[in-house]
Amino acid sequence: MTGRYLLAKDHLVPLLRKIAKSNRLVAPVLNEYGDTLFSHITDLDSAAIDLAHQPQNSLKSFFFPQTEKLSTYLVEKSPKTGNVRYNFYPHTVENQPTAYVGVRSCDMFAVMYTDMTFLHNGERDNYYQKRRDNAFFITLACNHPFPNCFCNATRSGPFLELGYDLQLTDLGDRYFVETGRSRGMKIVEQMGQFFKPASEADRREQFQLALEARGLFQRNVHVELASKILQEQDEPVGIISELSSRCQDCAGCAYVCPTCTCFNIADLPLDEESGERIRSWDACTFAGFSKMAGDHNPVQCESQRVRKRFLHKLLHDVAKHGRPSCVGCGRCVDICFGGVDIISFVDRVVKTIDHCRDVD
Amino acid sequence: MAGLATTFGSGAMTNSINELDHAQVVLVSGSNTTEAHPQVARRIYGCVDRGAKLIVIDPRRTKIARYADLHLQLRPGTDIPLLNGIMRSIIDENLVDDLFIEMRTENFFAMRDMLLQIDLDQVAATTNVSKCMIRQAARIYAQAQRSVICYCLGVTQHICGTSNVQSYANLAMLTGHVEQEFTGVDPLRGQNNVQGACDMAALPNVLPGYQSLDDPGVRNKFKQSWGVELPKTQGVTLLDMTHGGSVWSEGFEQLPEPIRAMYIMGENPMLSDPGIKHVEATLRDLDFLVVADIFLTETAVLADVVFPAASFAEKIGTVTNSERRVQLMNQAITPVGNSRTDDKIIAGIASRFGYDMEYESSAEIMEEICLLTPLYGGMYHDRLKGSWGLQWPCSDRTHDGTQYLHKYSFTRGRGRFEPGDHVEPAEPLSEEYPFLLITGRAYHHYHTGTMTRRSHTLVREHDRPYIDMHPEDGKRLGLQRGDMVQVDSRRGTCNFTVKLTDQMAPGELYCDFHFHEAPVNTLTISCSDPVARCPEFKICAVKAEKVAL
């Protein structure tokens, strides 16, 4: 049963201070260079928590770091046989409970999506799971979507119906608080001094805001239509090569994408006798991602570089998981300086097909 | 740099990068823009989307060349005749900007007289570009209101580099395409701070901000601030340092006294300079060699003392980019291990010499730069913080920086036409060495790979030295994709994996110099431009043959 409460804005930091006694805190923080990033907060009084802007990073790196040590290896001589061999010693992940605060619906949705990759496919990824197990989420509903947002089109926002522990909605001087998963309820019970029950009027106000927010999107992106078109036919000729020619091969889109989870594994020697096995983010737009022995590459990088990425998001993941793996956060739109983003792909797919229909 | 300095009076991009968005014609020369300057390339793509015309002058059919409306695939080293041909066409078609020439330039008559001697058929034969394309390029460039020239090392790294640059400057002045917003002559500088290094007088003949070493007033100003008398003699150029003073010094300026000690910072001449054997001999002949770098480079290995320097992420300071923009770099982490920032290393050495450099911070050093360098007069750290920086000239705290140069008049007063003649490459092709080798840079690696070859993702993307060859040449040599090929010049040998591609013209080869496994600069020649002393990295004669496995 979802509970509905009110939290005065003045009481947010005091609430977080209590929560921080037994949790690490992660929230959007405005740094001294003017960038808002999800960051660990060590000192609540000096950190400038910024709930007004979309953080430039998603939560991905907190569960799946950009570079992560998997194990250490030592070149050791077996005392029995005298043979020299590589012995691997797995790296253990610290396992501190963490509260993620100010998470918007797209990012919360993305966490649930990456769970499907790391936790629901047969073998579980221990490194991911350790970090994920002790996480809880105080999310923030989006009253005002940002210029490149389109979570309405990917059905991942701007308000959440599940996944959160507590969801806050900004009602001006106070937050409307909904409890979702059990940890959220527990917080309200343990720290009841901060919460007041919400009235029917408050609930109506929140409902009204949720309705209005849906009308405030500046981009009209036909994600579902594009998915449907791609299921029915090959992607229209020319779109991929046009966008690929603008791609500068920086992988910024995959790195900022909250649901891109491809990684590569490498062994890095530290000296003659030891080294580390690490994994690091990878991207399907890199030529080396699909390069095979003898330098054969099934992907023509110059003309098809971005094909795999867009089809994965809008076609293959729909077949596998029943929905596109784009959550509409707009970060790839913000970061790509060649204009090779998912919105431009969707627009072109939909436009070409409309055009074809006109011709028919 | 020297080329633009003599014609315009200032050796830097005249425009800002953003102005490219509004150009009507972009002429790109000797620049593999999509790989070497992607941030510039995307603006070129953008303005072409908005209807601008793109002309590319390059011996290779690069990605940007394939995107161009007009690709002039010239024979390497024939920029001057090609430009003379274009300018001759402009005169023939009466597209000259007479008013601009009258008001803003000098020496035009010499230029005109030279151009009237030009025979377009001769030009077409020399450059391998058809007359029709030359005329088309002339019309497209001259008829537009806002035409921009972007050039890079394909223009400068020739024995006639200075004259090449002057030719592009001549073209811009002839049509009045300079001194205004959205139109000018823009050298794309390579590294994040090569402009800043020049600005701070990492040049042999000037003081910071290009102030003359010979000017007593300037010398006095520095003397007052530093408390020492400045030497009056000019320094020597990099090539004279690494090639002079050794048994290999033939053809180089004989230094009055051989150099006996060197202090090299963040540079790896054992891979990056031409004629590596000469470089090695010079470095080994030194009494004392000090190298400061973040990794033990090929050069550092030869040093008597190596200082572990801090990386970009470990220090605070400014860098100056192509468009003269001074930007503040913020320290992200404290120096790792025993490494120190460059300024601490230098100050440490100075104090052992008995001269204390007592700077509290990088900001204090910047205050001194502001005080002594008029170009940087208002570039205080507090002004640069939290912004995208300021573009020089910026004279004082109230100055907002300068978007484009030479507004209303050239820095040197009048722009000077410098007529140029074709200069044959230093090393002609021969029967024994029939291929022309062009060297350059690849997308995934930076310079000698000191840093990038330590990133496993970048190494996966580009893991070995390749050489590009036209498929016909490959066929003739019995080569297939992935075969090993041995390339010899009169000076050395390197092995590469061959890539057969029609990006190359037949008879021409291309490779990058990032790999110590194939030290390309053992092949290149040490001949250089007589003014700028920039080596002819872009042309040398080689032979190639298949390596039997």
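Predicted model: local features only at pLDDT ≥ 70, side-chain atom pairs only at ≥ 80, totals over all residues.
I began with chain B: the C-alpha centres of its domain 1 and domain 3 lie 27 Å apart. Domain bounds here come from an automatic or database domain assignment. Residues are numbered from 1 along each chain as its sequence is written, and chains are lettered from A and ligands numbered from 1 in the order in which they are written.

**Entry: domains of chain B**

I looked up the bounds and found domain 1 (2–188), domain 2 (194–391) and domain 3 (435–546) in chain B. Contact means that the C-beta atoms of two residues, placed from the backbone, lie within 7 Å. Helices (H or I, at least four residues) and strands (E, at least two) are DSSP runs, numbered from the N terminus. For the classes, Ala, Val, Leu, Ile, Met, Phe, Trp, Tyr, Cys and Pro count as nonpolar, Asp, Glu, Lys and Arg as charged, and the others, Gly among them, as polar.

**Entry: helix α11 of chain B**

Having met α11(B) above, I went back to it. Helix α11 (residues 161–174) of chain B has 14 residues and reaches 20 Å from its first C-alpha to its last, close to the expected 20 Å at 1.5 Å a residue. The expected span is 1.5 Å times one less than the number of residues of the helix. Why is α11(B) largely enclosed by the rest of the structure? It is because 14 of the 14 residues of α11(B) are buried. A residue is buried if 20 or more other C-beta atoms lie within 10 Å of its own, exposed if 12 or fewer, and partly exposed in between, with C-beta atoms placed from the backbone. After α11(B) comes G176(B), with a positive phi near 70 degrees.

**Entry: E102 of chain B**

I found E102(B) in helix α6 (residues 98–104) of chain B. Is E102(B) buried or exposed? E102(B) counts as exposed because it has 9 C-beta neighbours inside 10 Å. I also checked E102(B) against P216(B): they are 114 residues apart in sequence and 35 Å apart in space, C-alpha to C-alpha.

**Entry: where the chains touch**

Twelve residues of chain B are in contact with 15 residues of chain A. On the chain B side, α3 (38–49) and α20 (456–461) each supply at least two residues. By class, that side of chain B has three nonpolar, six polar and three charged residues.

**Entry: domains of chain A**

Chain A is assigned domain 1 (4–64 + 97–214) and domain 2 (223–261 + 284–359). Their centres, taken over C-alpha atoms, are separated by 29 Å. Here 21 residues of domain 1 of chain A are in contact with 16 residues of domain 2 of chain A. Which helix gives the largest share of the domain 1 side? I found that α3(A) does, with eight residues. By class, this side of domain 1 of chain A has twelve nonpolar, seven polar and two charged residues.

**Entry: the sheet of chain A**

An open sheet of eight strands in chain A has the order β3-β2-β6-β7-β8-β9-β1-β10, with mixed pairing. Two strands pair if DSSP finds at least two bridges between them. At the edges I found β3 (36–41) and β10 (195–197) of chain A, each pairing on one side only. Helix α1 (residues 12–20) of chain A packs on the sheet and touches β1 (4–8), β2 (24–30) and β6 (98–103) of chain A.

I then stayed with β2(A), where five of seven residues are buried. With β6(A), β2(A) pairs in the parallel sense over three bridges, and V26(A) has Y100(A) as its bridge partner. With β3(A), β2(A) runs antiparallel over six bridges, and A27(A) stands opposite S39(A). The hairpin of β2(A) and β3(A) has five residues between the strands, and G34(A) there takes a positive phi near 90 degrees.

Key
Axes fitted to C-alpha atoms, helices over the stretch in contact; angles between N-to-C directions.
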